[in-house]
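Let's walk through this two-chain model together, with the sequence and the coordinates side by side. Keep your viewer open as you read.

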Amino acid sequence: MLTPEERAEIEAEFPHYPNRKAVSIDAMKIVQKHRGWVSDDALSDIGELLSMSASDLDGIATFYNLLFRHPVGRHVIYICDSVSCWIMGSDRQCSHLSERLKVAPGETTTDGRFTVLPIVCLGACDHAPVMMIDDDTHLDLTPEKIDRILERYT
Amino acid sequence: MPAVKPLTGSMRTDGEPLDRTAYERDGGYSALRKALKEMTPEAVINEVKDSNLRGRGGAGFATGLKWSFVPKNAPHPRYLVANADEMEPGTFKDRLLLEANPHQLIEGMALAGYATGTDVAYIFLRGEYKLAARRISMAIAEAAEGGYLGKNLLNSGYSFELHLHISAGRYMCGEETGMLNALEGKRANPRAKPPFPPVCGLFGMPTTVNNVETLCNVPHIINNGAAWFRSLSRSKDGGTKLYGASGKVKRPGLWELPMGTTIREILEEHAGGMREGLRFRGVLPGGASTDFLTEEHLDVCMDFTEVQKAGSRMGTGTMIVLDDRTCPVGMVSNLEHFFAQESCGWCTPCWSGLGWVERILRAMEEGGGQPGDLEKLAFQTKFWTPGHTFCALAPGAAEPLQSALKYFRTDFERHINEKRCPWK
C-alpha cells in the first residue's frame, strides 16, 4: 500500500501533465525517496493509481539509472567513471573505495551502510575525480579525502 | 575595455544564486516586459534570427529558425522544453547557469514561449543536479509571485505555465525525442522523424526543445539587440560561449569568452597550459561525442563552422584534454564503454556494434588485441551514421573512435603488437 504521504505527493504531480501515465517516473522516484527502492508491490500500487500495469512500470524503471529495483544501503555512493574523471585517476579512487568498504561496484556493504554505484559524468569535470553521496557532490577526490568523507555518513 | 559577459557577468562570487530581486536589479525580466509590451512573437523570432544565435546543446542549429518551424496555425497546447539534462561526459557548463542564475533561464524560456505561442513548458533537469533542482524550484516560485509565470503575464494576455521535471537518469534523455518520451513517462527511446517536434512533439503537440545556454542568451538579445549580440563574437555565430577544459591542464575550469576564441587561447591562457612535465597530445573539443583534434588544430576558432572544417564539432564547447602520459586507447575504451552502456538498444548498429567495439578495446587494453582489430573497429563506425540509426548517439560514439584511429594509430598498433598497454 502507498502511504497517504506518498499518495499525496504523487497526486500533486498530476496537474503538471495532461495524463496520469506521464507521472510514472515521478511516482517511482517519490516511492524510492521514502523507501530507498521500488519493490514489486510498490510497482503494483503505483500502477493502480496511474492505471498502468506493473510490467509497464518495470520496463520504465529498469531503463533509468537512478531508479532502484533492489534494496540499497543507507547511503548510495555514485562514483563517476566517465572520461574526465578517468584521465584524473578515478580508477584508483574506485579501487580504494572498493577495498576500504570491501564491496565491488554495484554491491552493498554487509552492514547496510553504503551501496557503491559507478555513475556517468556528474558534470563537475573541472574538479575531477568526483563522486556523489546521496545528495552531495564531493570534488577533487584523493584516497585520504575519500576516507574523511566516508566518516561523515553513518 | 572589460570583456562583456552577458551570461555570467552578473553572477555572485560567493556561489549563491541571484534571487529575483537581485536579478531584477540587474535588468532581469526587462526583456520579457519589453517583448510582451512592444514586440509581436514574430518580431522576437526575427530578432533572434538576426542575432545568429545557434543552439548551444551541441548541434548548433539556428535558434530563431527552429522557433519559426512551429506552424502559425498549429494547435494548442504547445510545449517548450529546456534541455537541462547535461550528461555529455566532460560537460559542466549548464550546471553553472542553472545553479547561479536560474531566473535568467526562466526569462529566456518565457521569451521563447511567447515567440512560439507555447502554453506549457518544462525544465528537463538531470537527477544528479540536486542543488540546481532546489534553486530552480525556488526561482519558479519567485517568478510566479512576480507575475512572470502563470496566467496573463504582466497583463499582456499571454499565459505561460512552467514545471520542473527531474529525470531519473540516462544519457538518451538528452536526445530531443528521447527527452519527449521521458517526459511522457516512457523509456527514453528516440522517435522516428518526421514528424518533427515543432509539428508533433510532446503528447503529440507542437513542441520546441532548446538547450539551457541557448535560452539564457535570449533575454540579452532582446534587451540589447541582434547587432550587439553579433558584435560580441569573433566569428559569424553570434554571442559569447561558455568554454571549459578538463583533463591534466594547470587550471581546469569554465570561462565565458567571445564565440570563436581559439583552442590555443582557451587552453594556454585560460586553462594555464599543460601540467608540469606533461605534453599536449589531443583534445575532444566539445564533449565525449566529438572527434579528436591535435596540435596542428590549436589555432582553430571554436565556433560551429570552423571546428567542423577542422574535422570535428564544437559540440558543447567543453574540452577534454589528452596528455602524453595518458593512454589514448584507454581513453577511447572509456568513452565507448560509456556509449555502450547508455545506448537505449533501439537500433542494431548501436546496441550490437557498441558492445562489440567496447569488448575489442577492453581486450586491447588488457593485452588481448588481435591482428585485424583496427579494421573491425573502423568497419563498425561505418554503420554508426545518420540513416543507420534513429538518433545521434551512435554517430557521436563514432567520432572519438574514428579520429583516434587516424591520429593515434601507432598507439593502437603497439597495443596489439606488444600484447599489452604500453602505458601500464
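**A walk through chains A and B**

A:Ile77 has A:Ile133, in strand 3 of chain A, as its bridge partner. Strand 1 (residues 75-80) and strand 3 (residues 131-133) of chain A run antiparallel to each other and pair over three bridges; two strands count as paired if DSSP finds at least two bridges between them. Helices and strands here are DSSP runs numbered from the N terminus, with helices being H or I of at least four residues and strands E of at least two.

Before going further, a word on conventions. This is a predicted model, in which local features need pLDDT of at least 70 and side-chain atom pairs count only at pLDDT 80 or more, while totals for chains, interfaces and linings use all residues. Residues are numbered from 1 along each chain as its sequence is written, chains are lettered from A and ligands numbered from 1 in the order in which they are written, and side-chain values use heavy atoms, with hydrogens and water left out.

Four strands of chain A make an open sheet in the order 2-1-3-4, with mixed pairing. Strand 2 (114-119) and strand 4 (136-138) of chain A are at the edges with a single partner strand each, so one side of each has no neighbour in the sheet. From one strand to the next, the twist averages 25°; angles run from 0 to 180 degrees between N-to-C directions, and axes are lines fitted to C-alpha atoms, for helices over the stretch in contact.

Now look at the helices around this sheet. Helix 6 (residues 90-101) of chain A lies across strand 1, strand 2 and strand 3 of chain A, at about 155° to strand 1 of chain A. Helix 7 (residues 143-151) of chain A also packs on the sheet, where it touches strand 1, strand 2, strand 3 and strand 4 of chain A; contact means heavy atoms within 4.5 Å. The direction of helix 7 makes about 10° with that of strand 3 of chain A. In total, chain A has seven helices and four strands, following the pattern α-α-α-α-β-α-α-β-β-β-α along the sequence.

On the helix 2 side, A:Ser24, A:Ala27, A:Met28, A:Val31 and A:Arg35 meet A:Ala42, A:Leu43, A:Ile46 and A:Leu50 of helix 3.

Chain B has an open four-stranded sheet too, in the order 6-5-8-7 with mixed pairing. Its edge strands are strand 6 (253-258) and strand 7 (280-284) of chain B. Strand 5 (residues 240-247) of chain B pairs with strand 6 of chain B in the antiparallel sense over six bridges, and B:Leu242 has B:Glu256 as its bridge partner in strand 6.

Finally, how do the chains meet? In the interface, 54 residues of chain B are in contact with 38 residues of chain A. The two chains bury about 3600 Å² between them, 59% of it on carbon and sulfur atoms; buried area is the accessible area (1.4 Å probe) that two parts lose on being put together, summed over both.
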